[in-house]
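Please have the sequence and the model open side by side. My comments on the fold are below.

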Amino acid sequence: MEKVIQNTASENTSFRARGIALVLTGAVLWGVSGTIAQYLFQHLHVHMQWLTVLRLLVSGVLLLGVCYRKEKSRIWAVWADPSARRSLVCFAIFGMLGVQYTYFSAIKYGNAATATVLQSLEPVVVTCYLAARFRKMPDRKQLLAVGLAFAGTSLLVTHGSFTTLSISGRALFWGVLTAFAATFYTLQPHKLLMQWGSVVTVGWGMLVGGIVLSFIHPPWQAAGEFSLAAFLAIAFVIAFGTLTAFFCYLESLKYLSAAETSVLATAEPLTAAFLSVVWLHVSIGFFECIGSLMIISTIFILSFKEKRKAS
């Protein structure tokens, strides 16, 4: 009996270690991908819309291709359900395309570190939305998270001087909009995910979102300074910053709770900040660091609350 208990405990430890490794890998790849996107936009002058449409189309096709090998014709069945069809198109345009477009725009006009930190406001936006929807006053911890998010954002974008902005207005606008788009991306497709699974939902979301954006910027209209380094960077953003990171994050949910993955995913803004400073020589001052830490701390506060509630 003791041996069985020991084996079970050992298995649980192994599963947790696997889950932690997976979510950290995904988060780091997302952080690296954001910094590479900044390099492409600001140093090689690659068109932001072109990279966004290419990322969505290629990733969508590859995801659905992988899914087709396992589930065959089931990937087409989602379009036969009118309710699912409407929900999927809405998710593709306002969720998937929305979060990809706003995030890359925030990087283009600012930098990967600031864009990723502002995207981390998503849990606070979710908290405020749910409180308004259910007409329920947030509790003390939620109010603390909202207060920290507001103060942290103020420090991040003003550099401690509340009369001027340390980043451009466009970077701030798109960064905050990324958090709202990520909120829609998180909350809207709940029924789709439950009925059709994450790979089908995200795969079609990427492909449809890419097709919609193609009408604004066709994928064959490339612009920028293309070289071997540029092609390798673009391939990394698609293969590792999208597909591999996505699979790692989904797999981690098999071994860890959503609260734990949210906390560990803070490796993404930390990775983006580190690479922005070391590789792209982005200057990050004292107040920006404090503001970023205040925003990231809200994830810990809200995640710990969720974890305790579930136990």
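Predicted model: local features only at pLDDT ≥ 70, side-chain atom pairs only at ≥ 80, totals over all residues.

The numbered points below go through the cores, selected helices, an aromatic pair and some backbone angles.

1. Next, the main core. The largest nonpolar core has 50 residues. Within this core, Leu-40, Leu-51, Phe-104, Ile-107 and Trp-204 touch the most other members. Several helices each supply at least two residues, among them helix 1 (2-42), helix 2 (48-71) and helix 11 (228-252). Helix 4 gives the most, with eleven residues. There is a general background to this: in soluble globular proteins, nonpolar side chains tend to be buried together.

2. Look closely at Leu-51. Leaving out residues up to four places away in sequence, Leu-51 touches Leu-40, Phe-41, Val-46, Phe-104 and Ile-234. Two of these names return in an aromatic cluster: Phe-41 and Phe-104 form one with Tyr-103.

3. Helix 7 covers residues 140-158, 19 residues in total. From first C-alpha to last, helix 7 reaches 27 Å, close to the 27 Å expected at 1.5 Å a residue. Its N-terminal end is capped by Asp-139. There, a side-chain oxygen of Asp-139 lies 3.2 Å from the backbone nitrogen of Lys-141. Just after the helix, His-159 takes a positive phi of about 60°.

4. Is helix 10 enclosed or open to the outside? Of its 17 residues, 13 are buried, so helix 10 is largely enclosed by the rest of the structure. Its length also checks out. The end C-alpha atoms are 24 Å apart, which agrees with the 24 Å that 17 residues should span at 1.5 Å a residue.

5. Thr-201 sits in helix 10 (residues 198-214). Thr-201 has a relative accessible area of 2%, so it counts as buried. A polar atom of its side chain lies 2.8 Å from the backbone oxygen of Gly-197. Beyond residues up to four places away in sequence, Thr-201 touches Leu-88, Phe-91, Pro-189, Leu-192, Leu-193 and Trp-196.

6. The model has 15 aromatic pairs. One of them joins Phe-91 and Tyr-185, with ring centres 5.4 Å apart and 35° between the planes, a tilted arrangement. This pair links distant parts of the chain. Phe-91 is in helix 4 (residues 82-109) and Tyr-185 is in helix 8 (residues 169-187), 94 residues apart. Tyr-185 is partly exposed, at 28%.

7. Finally, check two loop residues. Most residues other than glycine have a negative phi. His-45 has a positive phi, near 55°. His-45 lies in the loop between helix 1 and helix 2, and is partly exposed at 47% relative accessible area. Arg-135 also has a positive phi, about 50°, although it is not a glycine. Arg-135 is in the loop between helix 6 (122-133) and helix 7. With a relative accessible area of 79%, Arg-135 is exposed.

Technical notes:
Residues numbered from 1 in each chain as written. Heavy atoms only, no water. Phe/Tyr/Trp six-rings, centres within 6.5 Å; stacked < 30°, edge-to-face > 60°. Helix = DSSP H or I, 4+ residues; strand = E, 2+ residues; numbered from the N terminus. Buried < 20%, exposed > 50% of the residue type's maximum accessible area, 1.4 Å probe, protein only. Polar contact = N/O pair within 3.5 Å; in protein donor to acceptor, adjacent residues only side chain to side chain. Contact = heavy atoms within 4.5 Å. Expected span 1.5 Å × (residues − 1). Core = buried A, V, L, I, M, F, W, Y, C linked by side-chain atoms within 4.5 Å.
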